[in-house]
Amino acid sequence: MAKFSKKRGKGTPAISTASLPDIIFMLLFFFMVATVMRDASLKINVNTPVATELTKIKDKSLVNNIYIGKPVAQYQNLYGTSPILQLGDKCVRKDAIEREIPLFLEQHKLKVPESRHPMIYSSIKADGKVTMGIIQDLKTALRKANQLKINYSAKPRAEG
Amino acid sequence: MVNFKKRPDAAINASSMADIAFLLFIFFLVTTTVLQDKGIAVLLPPLGDNMLMGEVKSRNLLSVFVNADHQLLVEGKQIPITRLKAVAKAFISNPEKREDLAVAPDKAVICLHHDRGTEYDTYLQVYNELKAAYSELWNELSLSWYGKPYHEEMPLAERKAIRAEIPFVISEAEPTDYASVQ
């Protein structure tokens, strides 16, 4: 019994912070792994429409993003004011879609293991204000390149 | 000459390690995008695939036309976009077995026309409404068959059964080009 009644030193002992770096490093590694850096800065204005019937994009490495919109003011003297495509960091005019799309798709395919090639899809991030002409040209080019799985990127509609 | 006297081990001061780690941690915290990417999934038809056309009876076909002025023409009648879902649902399921609507849900074909001048936003709203009509029908069927709402994560066999009963068929015709003529 005497064993348990031994007196300790008075006052609370200081909390050891020796493991703090380890905890922070653990969190750091988690965020390092989870981070997906944005591949390119946008040179065009994209404000996607709102919709309700949305599906989540699960694996970001399987997606190639195609942006469509009008160039931002900074690039308007270079690309004009009519809607253009942006593939990666490359801006593509309407008349070059047919030529550039297969190249872009092939470049993305190189980064994906071959067994996962059938699961690749294109996410079309188009501005709500562009007309269907350019989108139809893009769809035709995608069909010619046999890239049939697409996804019209949209924002969820706020409920209420 | 050479001093072999043992020096005390120099301990590296690790107290700043936490600060460095914090700094990196905050950097990655800021750059991480939690933004979930969402969109309407569509499967394009392969090129040169016209097997569907020519076999569809007119009562099984619902033609939807969206023009460049945000107007919607369904079976020759102009309707507001808010009514499209109800019209499409009635056409696909045909609960009263009307003569002018689809024979059965698996025979129904929705034909979506648009113009090259149609705004993408308008087009996507129409597509969204048509998809909403289908997903509501799937939901109703799923509730009556399995007693639970239709969901992407339900067993594949159940989902397939529902999708076989009410297949999602939207045929998109080549767009017209009235806008550039004007």
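**View 1. Salt bridges in the predicted model.** Counting over all chains, this structure holds nine salt bridges, and the model they come from is a predicted one. One of them joins the side chains of Lys144(A) and Glu98(A), with N and O 2.7 Å apart. Lys144(A) belongs to helix α4 of chain A and Glu98(A) to helix α3 (residues 97-109) of chain A, so this pair ties together parts that are 46 residues apart in sequence. Lys144(A) is partly exposed at 49% relative accessibility, and Glu98(A) is partly exposed too, at 43%.

**View 2. Helix α4 of chain A.** Among the buried ones are Met132(A), Ile135(A), Leu138(A) and Leu142(A), along with Lys139(A) and Arg143(A). After α4(A) comes Asn146(A), which has a positive phi, near 60 degrees.

**View 3. The surroundings of Asp127(A).** Asp127(A) sits in the loop between β7 (121-126) and α4 of chain A. Asp127(A) is buried but has no salt bridge: Lys129(A), the nearest side chain of opposite charge, is 6.2 Å away, and the cut-off is 4 Å. The backbone nitrogen of Lys129(A), however, lies 2.9 Å from a polar side-chain atom of Asp127(A). Leaving aside residues up to four places away in sequence, Asp127(A) touches residues including Asn45(A), Ile68(A) and, from the other chain, Tyr120(B).

**View 4. Where chain B meets chain A.** Here 43 residues of chain B contact 47 residues of chain A. Together the two chains bury about 4300 Å², 63% of it on carbon and sulfur atoms. Lys38(B), Leu44(B) and Tyr120(B) supply 18% of the area that chain B buries against chain A, more than any other three residues. The interface has two salt bridges; Asp137(A) and Arg116(B) meet in a salt bridge with an N to O distance of 3.0 Å. On the chain B side, α1 (17-31), β1 (38-43) and α3 (120-146) each supply at least two of the residues that touch chain A.

View 5. The side chains of Glu140(B) and Lys89(B) meet at 3.0 Å, N to O, in a salt bridge. This pair links helix α3 of chain B with helix α2 (residues 84-93) of chain B, 51 residues apart. Glu140(B) is partly exposed at 44% relative accessibility, whereas Lys89(B) is buried at 17%. Through shared partners, salt bridges join Lys85(B), Lys89(B), Glu136(B) and Glu140(B) into one network.

Methods. Residues are numbered from 1 along each chain as its sequence is written. Chains are lettered from A and ligands numbered from 1 in the order in which they are written. This is a predicted model: local features need pLDDT of at least 70, side-chain atom pairs count only at pLDDT 80 or more; totals for chains, interfaces and linings use all residues. Side-chain values use heavy atoms; hydrogens and water are left out. Buried means under 20% relative accessible area, exposed over 50%, partly exposed in between (1.4 Å probe, protein chains only). Helices (H or I, at least four residues) and strands (E, at least two) are DSSP runs, numbered from the N terminus. Lys and Arg count as positive and Asp and Glu as negative; His and the chain ends are not counted. A polar contact is a pair of N or O atoms within 3.5 Å; within protein, one must be able to donate a hydrogen and the other to accept it, and residues adjacent in sequence count only if both atoms are side-chain atoms. Contact means heavy atoms within 4.5 Å. Buried area is the accessible area (1.4 Å probe) that two parts lose on being put together, summed over both.
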